[in-house]
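The stops below go from a core to a pair of helices.

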Amino acid sequence: MGGMERLLPTDDAYELLGLAAEIADGELAPRAADFEARGEFPREVVRTLGRAGLLGLPYPEEHGGAAQPYEVYLQVIEVLASRWLAVAEAVSVHTLSCYPVYAHGGEQLRKLLPDMLGGELLGAYCLSEPQGGSDAAALTTRASRDGDSFMVTGTKAWITHAGQADFYNIFCRTGGPGAHGISCLLADAATPGILPQASEKTMGLRSSPVAQIVFDDARIPADRLVGELGDGFKIAMEALDSGRLGIAACAVGLAQAALDYAVGYARERSQFGKSILEFQGLRFMLADAATGIAAARALTLAAARLRDAGRPYSAEAAKAKLFATDMAMRVTTDAVQVLGGYGYVQDHPVERYMREAKVLQIVEGTNQIQRLVISRHL
Ligand code: COS
């Protein structure tokens, strides 16, 4: 990618990145455009990633993970995103969805981790609701205790993997108003009363299903409570701190793909009797793109290293998500500009990259929410 040299901590990590690149080129790249056009979720491709050990990278081996530092995991995400953003996002969302059980689940729940981390079970994360995504502490989906169960009623929105996932993390109200009245339940997707709705018709990332889920008196056994009653909001925020780094890595990979494509095109295209790459106006645009990508990658990996060292990294993850996704929007837009009219038609992938970049500024906390998180740490 762009002649970029990676510094990785171990020989293992170089091997892993090599494997990720092989899968990205061999399995992802040839399918992406077609699945995107049809809006079909590539469940088999995700299974292939699971079998290759790529769905549990940052979790310990004793639970079926690969014990990789976040720094390495994120570079795998980046490589996948450079070939098919929806698949990289699926890996990131799945990894996020495994976090609550891994970090807060009791012994019983943790027995599910090998199947989750091995990719047999695909995860989804249900926090947002139709009337609110940013003000997460105001959520209204309710879980009422009924004997040995919780009965869950309400509607979740913007749920990636809705209808495809095997398990859902449900953040729901078990107590009074505000952050402390929220709990986290882990539900089997097959539970009666969990009703995924039709997929949204999205601007991009069409092979990634996103939909509302209606919970109509869904009975969830009480032993599916993750952490303690009232811990849900904190668990959700912790998981999002990690998840935001995954989105930042997605943005870096997507922008790299756009830059590589634009450079390749510019080299071949001539106007006024020479390659357009020889025009300074265009060269400088590409140089700015390369610089933005390098800066976003460095910011993302710096935050990951803090996480790996067990240090606070919440604000740094928000900075990485904010900077990397705004950068990806700019770089993909510029890539369309480099191709001119050809950038605006579907014969080339850059129009898709530009549509895909937009969602990264919105998911896992809008970039306005990232600024709020960052400013609270000043
Ligand atoms: N890690 C651990 N705990 C956290 C935390 C984090 N990153 N962020 C907040 N908390 C804790 C706080 O410490 C506080 O606990 P105490 O009351 O015990 O001190 C509690 O959670 C409530 O926090 P706070 O008062 O900061 O909550 P707010 O309602 O003010 O909102 C924001 C916080 C806006 C940051 C939060 O709602 C948010 O991130 N919203 C965006 C949600 C989002 O990203 N949605 C995307 C859809 S999910 S894919």
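Contact here means heavy atoms within 4.5 Å. This is a predicted model, in which local features need pLDDT of at least 70 and side-chain atom pairs count only at pLDDT 80 or more, while totals for chains, interfaces and linings use all residues. Residues are numbered from 1 along each chain as its sequence is written, and side-chain values use heavy atoms, with hydrogens and water left out.

Select leucine 245 first. Leaving aside neighbours within four places in sequence, leucine 245 is in contact with Tyr70, Leu74, Thr300, Ala303, Ala304, Arg307, Tyr313, Ala317 and Ala320.

Next, select Leu28, Leu49, Leu74, Val76, Leu80, Trp84 and Leu245, the residues with the most contacts inside the largest nonpolar core, which has 77 residues. Such a core is a set of buried Ala, Val, Leu, Ile, Met, Phe, Trp, Tyr and Cys residues joined through side-chain atoms within 4.5 Å; buried means under 20% relative accessible area (1.4 Å probe, protein chains only). Helix 7 gives the most to this core, 15 residues; helices are DSSP runs (H or I, at least four residues), numbered from the N terminus.

Now show helix 8 (280-308) and helix 9 (314-339), both among the elements that give two or more residues to this core. Their axes, lines fitted to C-alpha atoms over the stretch in contact, come within 9 Å and cross at roughly 160°. Angles run from 0 to 180 degrees between N-to-C directions, and those over 145 count as roughly antiparallel; helix 8 and helix 9 are therefore roughly antiparallel to each other. To see where they meet, select residues including Leu282, Ala289 and Leu306 in helix 8, and Glu316, Phe323 and Val338 in helix 9.

Terms used
Buried means under 20% relative accessible area, exposed over 50%, partly exposed in between (1.4 Å probe, protein chains only). Angles under 35 degrees count as roughly parallel, over 145 as roughly antiparallel, 65 to 115 as roughly perpendicular and the rest as oblique.
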